[in-house]
Amino acid sequence: MKRNNLILLADAYKYSHHKLYYPGTTKVYSYLESRGGKFDNTVFYGLQYFIKEYLEGKAFTQEDLDQAEPFLKQVFGRDDVFDKSKFQYILDKYDGKLPVKIKAVPEGTAVPTQNVLMTIENTDPECFWLTNFLETMLMQIWYPTTVATLSREVKKVVTQYFEETATEGAEAGIEFVLNDFGFRGVSSVESAGLGGSAHLINFQGSDTLAGSVLAQQYYNTSEVYGKSIPATEHSICTLLGKDGELDVFKHVLNTFPTGLVACVSDSYNIFKACEEYWGENLKAQVLDREGVLVIRPDSGDPVMTLLSVFNILFDKFGYTVNEKGYKVLPPQVRVIQGDGVNYDAIKDMYQALKANGISAENLVLGMGGALLQKVDRDTQKFALKCSYAQVNGKDVVVQKSPTEMDAVGNITGSFKKSKGGRLKLIRVDETYETVLEHEFPELKDEMVTIFENGKLIQEWTFEALRDKAKININEKQLVG
């Protein structure tokens, strides 16, 4: 059986919904939003991939349907749940092209939470059940959207500290400050592609090749956006044992006598490596290189380790003080922190550098599981909910408004309250606001039609996404 058979890409309970919707239902209209979460803005990304991969053109075949029928009968152990005729209708009338319409904000757009990001509705009254049948698959947009959001929020932090402490002109290097080390830590190759490409909307440093591949295949670019450099791992630096570490370091410099090269240096004693090996034995060779040696600590408390490493390197290699009053290592030496790196730790690290008179330009970062895997749907509280329907010829505003009990027994409202009616997203005072479709007729809907009846209507380039996601001056924040 085909693994990506669209007919089987839904939660099992949804196959009963064609019967459970109230008789006379002909339209179901639903919307996607980030209801809140860790960050107050959400960068929408990934819809084009899901449409091209799963929805565009003939979304399923007769073979898919014939294979799904006996499978689903076994799932439910009864014959009155899955109705083959519902999908057969789409095959016979539309040749497997899905009669739905999807509108969404342009990908790469940063939208404040609690706003509509996407809407979906059926275009054939017989297929009212199809709108929310597609929820399971489309909801997975939460993942690349959340990674893109997290990566962009890190960029805000980095940008602030570069502006406060770095040499004028050093901000050109921000693109390569946060490097994606997450390929091995994600749940699948598809996750690596989606999450890896989401990061590339904001930065270019990446070892996750799948991200660049997905960007090329699904977002109309010939550019390879993920860039990397030669770098060691512990299997290289421990190959000759503790007594051979210096010889390995020499070999690294001899192998790449020019350009960028990174070397993990904590295999035994990061402080000795910085003080004796790099700072004495190999100092002349490092300073004579036409390129940069990037020293990598990979264990211990990130803040305390970095401060000690920088103090040693400043003592051994010297430093200049830039026009903002912060220390800068010689251009041949930099440091990369790749262990214990997450959003909060990044803020702590750069704040500690600033407090100790160290410029942000001395440090770059590698972020793995915390970037691509340590997120979930609740990081930004994603939901896809029905807000409008037509039942027996009447328009119905659909909305949930649950009550909750707090820890002391008081009945309260819930953040899970959903929006009602047909929605549009407007620009007001340089921000976004969700209103009803008929309100503010003078203001355009920022959502555009992306997909309709099997066709991809609007297509984005990766360059357009990166341009959309740029941080503007009004977004720059104080981070402690």
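Helix H14 (residues 302–317) lies across strand E8 (293–296), E11 and E12, running at about 170 degrees to E11. Welcome to a predicted model, in which local features need pLDDT of at least 70, side-chain atom pairs count only at pLDDT 80 or more, and totals for chains, interfaces and linings use all residues. Residues are numbered from 1 along each chain as its sequence is written, and side-chain values use heavy atoms, with hydrogens and water left out.

A few terms first:
- Helices (H or I, at least four residues) and strands (E, at least two) are DSSP runs numbered from the N terminus, and two strands pair if DSSP finds at least two bridges between them.
- Axes are lines fitted to C-alpha atoms, for helices over the stretch in contact, with angles from 0 to 180 degrees between N-to-C directions; contact means heavy atoms within 4.5 Å.

**The parallel sheet**
- Here 5 strands make an open sheet with parallel pairing, in the order E6-E12-E11-E8-E7.
- Its edge strands, each pairing on one side only, are E6 (178–180) and E7 (261–264).
- Strands E11 (residues 333–337) and E12 (residues 363–367) run parallel and are joined by 3 bridges; Ile-336 has Val-364 in E12 as its bridge partner.
- Helix H15 (residues 343–355) lies across E6, E11 and E12, at about 165 degrees to E12.

**The antiparallel sheet**
- Another open sheet has 7 strands in the order E14-E13-E1-E5-E3-E19-E20, with antiparallel pairing.
- At its edges are E14 (394–397) and E20 (455–456), each of which pairs on one side only.
- Strand E3 (residues 100–104) pairs with E19 (residues 448–452) over 4 bridges in the antiparallel sense, and Lys-101 stands opposite Glu-452 in E19.
- Helix H2 (residues 47–55) lies across E3, E5 (116–122), E19 and E20, running at about 15 degrees to E19.

**Aromatic rings and charges**
- The structure holds 25 aromatic pairs (rings of Phe, Tyr and Trp, using its six-membered ring, with centres within 6.5 Å; planes under 30 degrees apart are stacked, over 60 edge-to-face, the rest tilted).
- Tyr-49 and Tyr-54 have ring centres 6.4 Å apart and planes at 85 degrees, so this pair is edge-to-face.
- One aromatic cluster is formed by Tyr-15, Phe-60, Phe-76, Phe-82, Phe-87, Trp-129 and Phe-133.
- The charged end of Lys-155 sits over the ring of Phe-203, 5.5 Å from its centre (NZ of Lys or CZ of Arg within 6 Å of the ring centre and within 35 degrees of the ring normal).
- Likewise, the charged end of Lys-327 sits over the ring of Tyr-319, 4.9 Å from its centre.
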